[in-house]
Each structure stands twice: as structure tokens, then as C-alpha cells.
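Here is a short walk through one structure. Start with the sheet, then turn to the disulfides.

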Amino acid sequence: MNNFCKNFAFFILIQAITITPLIVSSSSDPDQGHHVDNTRRSLLFKTWRVHVVNYLSNRKTLLVHCKSKDDDLGIHNLSVGAEFSWKFRPRIFGETLFWCYMAYDNLHATFEVFRDDPYIFAKCDYGDCVRIARDNGIFLKDISSNQDEIRYDWVQGQ
């Protein structure tokens, strides 16, 4: 087989690998109401959003520093009611993980705000993860039930 045929076959193979998931994930069925496609394939192509919200009392400013293995999202000072948010797509190979350091007054906490975990996917309603900082800890909002869950405690000290 000459070089042209090899290159052409390689080109067709790459096209099939690239286009097939797009065709499979699209649907020609009419919308029958809200449908969540939470298959692993759909989660890889989904854009996720993480929101960190300051609900501390007495006008306390919340310091937030979030990062992943690949991205440092910088340091942000949030006034009460303010939020810091970002969006991303999960890594295709390897686990997606974002964590944050948060502090106010003489209290701080470090924790994972997003990771590849079906429990987190469900709580975030397969798209929006909301972390809420309160005086009694940091919570993950369960979007579907509109409840604050999973508390991380503040630690005294530096």
C-alpha cells in the first residue's frame, strides 16, 4: 500500500473517531420534556460550572483561592452575597479535580469543590455545583432538592 493510501485511510479513521460521538450524542427525537443524559460520554462533553458564594454574616469578606492540577484560578475576595464562578469541561483522560482554600477572620478550610464522582454529579444536577460559605461551614447545594448539604468545617488558625 503506497503512502497516499495509508494517509487517506488514516484520515478516514480520524474522521470516524471524531464524528461518530457527535452523531451518536445528537438526537432527532422531539423534546419530550426534561431529560438528563448522565452517561459517561455525555458528561465528558458537558460544560460544568462551579460557583462559590459568600453567605457569611456581619459583612465578612471571604478569601477564595481555587485551582486544579492544570489551572490556578487566582485569589478572590468576596463580599457578602458575592460569588466567584468558573466553567470547564472534564478531562477526557484522568480525573477532573478542583479544590479551594477559603478563609475569613482566623478561620480557614481546604477541600475539593468538584471531582469526578457520580454523587457530586447528581447533587450538582449534572451541570452546576454551588458551594456556599456560611458561619457554620461550607456547604454543597443539592440543586434538585434546593437543600444545603455536605458540610466542611472551618479550622481555627492560620
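Five strands build an open sheet with mixed pairing, in the order β4-β1-β7-β8-β9. Strands are DSSP runs of E, at least two residues long, numbered from the N terminus. Two strands pair if DSSP finds at least two bridges between them. The edges are β4 (83-88) and β9 (147-152), and each pairs on one side only. On average, neighbouring strands of this sheet are turned by 25 degrees against each other, direction ignored; axes are lines fitted to C-alpha atoms, and angles run from 0 to 180 degrees between N-to-C directions. Strand β8 (residues 137-142) pairs with β9 in the antiparallel sense over four bridges. There, leucine 140 has glutamate 149 in β9 as its bridge partner.

This is a predicted model: local features need pLDDT of at least 70, side-chain atom pairs count only at pLDDT 80 or more, and totals for chains, interfaces and linings use all residues. Residues are numbered from 1 along each chain as its sequence is written, and side-chain values use heavy atoms, with hydrogens and water left out.

Now the disulfides. The whole structure holds two, each a pair of cysteine sulfur atoms within 2.5 Å. One joins cysteine 66 to cysteine 100, S to S 1.9 Å. Cysteine 66 lies in strand β2 (residues 62-68) and cysteine 100 in strand β5 (residues 97-104), 34 residues apart. The torsion about their S-S bond is about 105 degrees, so this disulfide is right-handed. Cysteine 66 is buried at 0% relative accessible area; buried means under 20% (1.4 Å probe, protein chains only).

The other disulfide joins cysteine 124 to cysteine 129. Both of these cysteines are buried.

Conventions: Buried < 20%, exposed > 50% of the residue type's maximum accessible area, 1.4 Å probe, protein only.
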